Amino acid sequence: MSADPHYQATEEAHTGPIKNPKQLLLAVFFSFIAPILIIVGLVAYVVSGTKPAGIAEGDNMALYGVTKEARDREVAERLKKVGAIEIRDVNRPLATGDAVFKAQCATCHGAPGIPGAPHFQDAAAWGPRIGQGYATLLEHALKGKGAMPAQGGGDFEDLEVGRAVVYMANAGGAKFPVPDRPAAAAPAEGASGAAPAADGAASAASAAAPAAPAASAPAN
């Protein structure tokens, strides 16, 4: 019966692809041992220190078209202080015009200075500016004009900047009096009471801002 073709076909249909021990070993290896070895290799690769350092290499790369330097600048801009509180002693002696000039003005108005700025003791350059008057010169110094940046709000009080203006203008031929803090007004006695605050402020402003003498204006 073993020679019957029908019987052989039926027997082969009920047998699997593994017909000997060698085929069994190969099936076990590729079905179980090979996947386990692949998984162990991947785990070893992930935990090892030999893999590429993606974070270190990507720090300087652009993110959505924005470089790391631009991102750092934006972060620093967001974190910077909005304002600052500066405490000054209002009773300290005022800085002299010479000291303010050397600290804040000599770079542009000293020697050699910068082109276009009136240099110290240059009467020809200071003449037309002196004719504008002290108040105008002080405003230009505090708020800036043209290429000159504003000098107010720095290390010196506005009055001290005014002293530097007078120091430079007088060296160029002006006769401006040196501004000083207004003296404290004595309280009025009697039924009239104290003077109004507006009058005191007006007198203080007039004392702090000397007017340019007519003789200092340049001749036409």
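Leaving aside residues up to four places away in sequence, Arg163 touches Leu94, Ala95, Thr96, Gly97, Val178, Pro179 and Asp180, where contact means heavy atoms within 4.5 Å. The model is a predicted one, so local features need pLDDT of at least 70 and side-chain atom pairs count only at pLDDT 80 or more, while totals for chains, interfaces and linings use all residues. Residues are numbered from 1 along each chain as its sequence is written, and side-chain values use heavy atoms, with hydrogens and water left out.

Arg163 sits in helix 8; helices here are DSSP runs of H or I with at least four residues, strands are E runs of at least two, and both are numbered from the N terminus.

On the helix 7 side, the contact is made by Tyr134, Leu137, Leu138, Ala141 and Leu142, and on the helix 8 side by Asp158, Val161, Gly162, Val165, Val166 and Ala169. Sorted by class, this contact has nine nonpolar, one polar and one charged residues, with Ala, Val, Leu, Ile, Met, Phe, Trp, Tyr, Cys and Pro taken as nonpolar, Asp, Glu, Lys and Arg as charged, and the others, Gly among them, as polar.

Then there are the aromatics. The whole structure holds four aromatic pairs, that is, rings of Phe, Tyr and Trp (its six-membered ring) with centres within 6.5 Å, called stacked when the planes are under 30 degrees apart, edge-to-face when over 60 and tilted for the rest. One of them, Phe101 with Tyr167, is tilted, at 5.7 Å centre to centre and 55 degrees between the planes. Since Phe101 lies in helix 5 (residues 97–109) and Tyr167 in helix 8, this pair ties together parts 66 residues apart in sequence. Phe101 is buried at 7%, whereas Tyr167 is partly exposed at 29%. Tyr167 also pairs with Phe120, this time stacked, at 5.1 Å and 25 degrees.

Technical notes:
Buried means under 20% relative accessible area, exposed over 50%, partly exposed in between (1.4 Å probe, protein chains only).
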